[in-house]
Amino acid sequence: MRMGNKSEESRKKRNKPQRYYDYGLLAVIIFLCCFGLIMVYSSSSYAAQIKTGDSLFYLKKQGFALILGIICMFLVSKIDYHKFAKLAVLAYILAFVLMILVNFTPLGIEYNGKKRWFGFGSTSLFQAAEAVKVALILSLASLVNKFSKKIDMWKVQLLIFAIQAPLIYLVLDNNLSSGIILFGIVFLVLFVASRKKARFIIAVAAVAAAAVFITVFSDKIIELHILKEYQLERILVWKNPTAYALEGGHQVLQGLYAIGSGGLFGKGLGESMQKLGFVPEAQNDMIFSIICEELGLFGAICVILLFLFMIWRFVVIANNAPDLFGAMLVVGIMSHIALQVILNIAVVTNTIPNTGITLPFISYGGTSVVFLMMEMGAALSVSNSIKYER
């Protein structure tokens, strides 16, 4: 009898649902971050030596931010993600107040003519739009979960967008690229949540038609003063960068030269010529061009495949999430990463006009990596709530 009881207990123990943890996602996050450190050093060492006398300047700052980000990721991953839903309203309000402070008070620090940083005096603490992205994802997941039974109704979808619109507008006022990403996150989350896809396809077609119209009739648009001067300049540079080689087209052209000179397997790690003052701020938005130059087409494809693997892991977690809030939280994070990767590579290859978007986990930027790692912690928290039977 005792042997039978032990056998029964052992069988029940084996069949007991097990906690899941996505080690595949964790592995690709750590790999991309380490690769990012290598590329930040490779692309910035020359500029850092010239500007500061320390070739490790940017690497040290990025390394510190990454350590802080990893700590945040593991702390967040250990929190039950359902607690995040309770913070959604507070996060939205704080993000809204933050953008008001950045846009309309001395707490907003201007850099390159744009007030994007929150800080005191000349000391910048963090880029406000990165915090807003996290707040928006939390708010979206919470709203979709709340209106889940009516999410297919266009009035409900418009209501959700209307709630997010003021926050997106405040970001758009000084940061076009982040505003586009925020809008894209809202669009993709609603697209995934809704069973009626036709209206979203029509919206995409309308945006594409508008983009074609702006491209074809850019001269008329200039005469009518519909867009701001810097926005029109970016369109003109995109259409013909060689005509603006000494102005806005310089960065685009140097990036394309870097990509073209890399060939199939690149010049070798650390052997880029374009990072020697030709590509401005090579460690930031244009770091993908340095990857192409040093590691070639092969290296660039490997980086893209790593991001695709990451997105696939997000899809797996979202599909198996215990509830709708968890699924939408991961979909929002996935949308953020996917949009930023696609737009960065499109900008570097001059497929779209320059919008100043960084490459996640790889480009230099302490604020970006810390908030990205917090998002990764949230995704891992959802994965840790998935149960499976052996």
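## Burial and the basis of the model

A residue is called buried when its relative accessible area is under 20%, exposed when it is over 50%, and partly exposed in between, using a 1.4 Å probe and protein chains only. This is a predicted model, in which local features need pLDDT of at least 70 and side-chain atom pairs count only at pLDDT 80 or more, while totals for chains, interfaces and linings use all residues. Residues are numbered from 1 along each chain as its sequence is written, and side-chain values use heavy atoms, with hydrogens and water left out.

## Gln 274 and helix α12

Gln 274 counts as buried because its relative accessibility is 12%. Gln 274 lies in the loop between α12 and α13 (287-320), where helices are DSSP runs of H or I with at least four residues, strands are runs of E with at least two, and both are numbered from the N terminus. Leaving aside residues up to four places away in sequence, Gln 274 is in contact (heavy atoms within 4.5 Å) with Gln 254, Tyr 257, Ala 258, Val 279 and Glu 293.

Helix α12 covers residues 249-262, and its 14 residues reach 20 Å from first C-alpha to last, close to the 20 Å expected, a span taken as 1.5 Å times one less than the number of residues. Among the buried residues of α12 are Gln 254 and Ala 258, and the helix is followed by Gly 263, whose phi is positive, near 65°.

## Cysteines

With a disulfide taken as a pair of cysteine sulfur atoms within 2.5 Å, the count comes to zero. Cys 34, partly exposed at 41% relative accessibility, has its closest cysteine sulfur in Cys 33, 6.9 Å away, which is too far for a bond.
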